[in-house]
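Please open the structure in a viewer and keep the selection tool at hand.

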Amino acid sequence: MLRRSLSVLAGLTLMFGALAATGAASASVTTPRPAHAGTGPMIRVPGLHGVPRNQAQSSNWSGYAASSSTYTSVSANWTQPAAHCSSGSQYSAFWVGLDGYNSSSVEQTGSEADCSGSRASYSSWYEMYPANPVYFSNATKPGDSFSGSVTYNGSGAYTLVLTDHTQNWTHTVHASLNGAANSSAEAIVEAPCCKASGQPLNLTNFGSMNFSSVTVDGSPISNFSPTEIVMVDGQGRDKDTISSSNDGDSFTAAWVRQN
């Protein structure tokens, strides 16, 4: 799988524990698909001016991130959007996680809407970056109601839970990542990485989608003065738009352009 070359924390080691899954659907886990490059840390956009305080620009992330402390948990709900496909290949991921905003690891779980020409495909996964994402074999469809959470349990141990309430399945993953900073907590729309140029893959036209009940350490993310992350191209044009999170724990993302 293509991956962006990124430096990782010194002494970082990965040890994956047992995975437990419940639900009516098949609960096996598949290996990463070679056509997908995976998600990873936020890629900041240099050289763009006039960025308001408490806002950041990125070529691959949009959403909100708490980043002024260390954090032990993040959770959110969302509805899987439909991919509006025409030609070429596009990718989009919707997830919650710890780290990645200002650190080199990411502990995350979420869903995806991709295009190969006019054909749409949907999936769900978890990732302990810099390890590759691991895809669940369960069905994922537009309109499915998801909830996800990532919790740090101490001593490098994490619990990642992803539930598709519509398809009636849940995956609970126990994994270890020593040395992670736990320095951010976020709910993110992502254009996964990367083209041969190192730039993010084209962003799927997902229409719009909403994150709700976004909580960090058990409280609404707005309690932590989160940074609004805007996904832009090299000219500073929005790839999608992000609504205010003034209601405390929800926001809407709307697609604008693929690259």
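A residue is called buried under 20% relative accessible area, exposed over 50%, and partly exposed in between, with a 1.4 Å probe and protein chains only. The model is predicted: local features need pLDDT of at least 70, side-chain atom pairs count only at pLDDT 80 or more, and totals for chains, interfaces and linings use all residues. Residues are numbered from 1 along each chain as its sequence is written, and side-chain values use heavy atoms, with hydrogens and water left out.

**First stop: the disulfides**

A disulfide here is a pair of cysteine sulfur atoms within 2.5 Å, and the count by this rule is two. Select Cys-85 and Cys-115, whose sulfur atoms are joined at an S to S distance of 2.0 Å. The link between Cys-85 and Cys-115 is left-handed, with -80° about the S-S bond. Cys-85 lies in the loop between strand E5 (73-79) and strand E6 (89-90), whereas Cys-115 belongs to strand E8 (residues 106-116), so the pair ties together parts that are 30 residues apart in sequence. Strands (E, at least two residues) and helices (H or I, at least four) are DSSP runs, numbered from the N terminus.

Is Cys-85 buried or exposed, or does it fall in between? Its relative accessibility is 21%, so Cys-85 counts as partly exposed. Cys-115, by contrast, is at 3% and therefore counts as buried.

Next, select Cys-193 and Cys-194, which form a disulfide with an S to S distance of 1.3 Å. This link of Cys-193 and Cys-194 is also left-handed, with -60° about the S-S bond, and both cysteines are buried. With the bonded cysteines of the chain numbered in sequence order, the pairing reads 1-2, 3-4.

Two strands are said to pair if DSSP finds at least two bridges between them.

Val-216 is bridged to Ser-219 in E16. Which residue in the turn of the E15 and E16 hairpin has a positive phi? Two residues separate these strands, and Asp-217 in the turn has a positive phi of about 50°.
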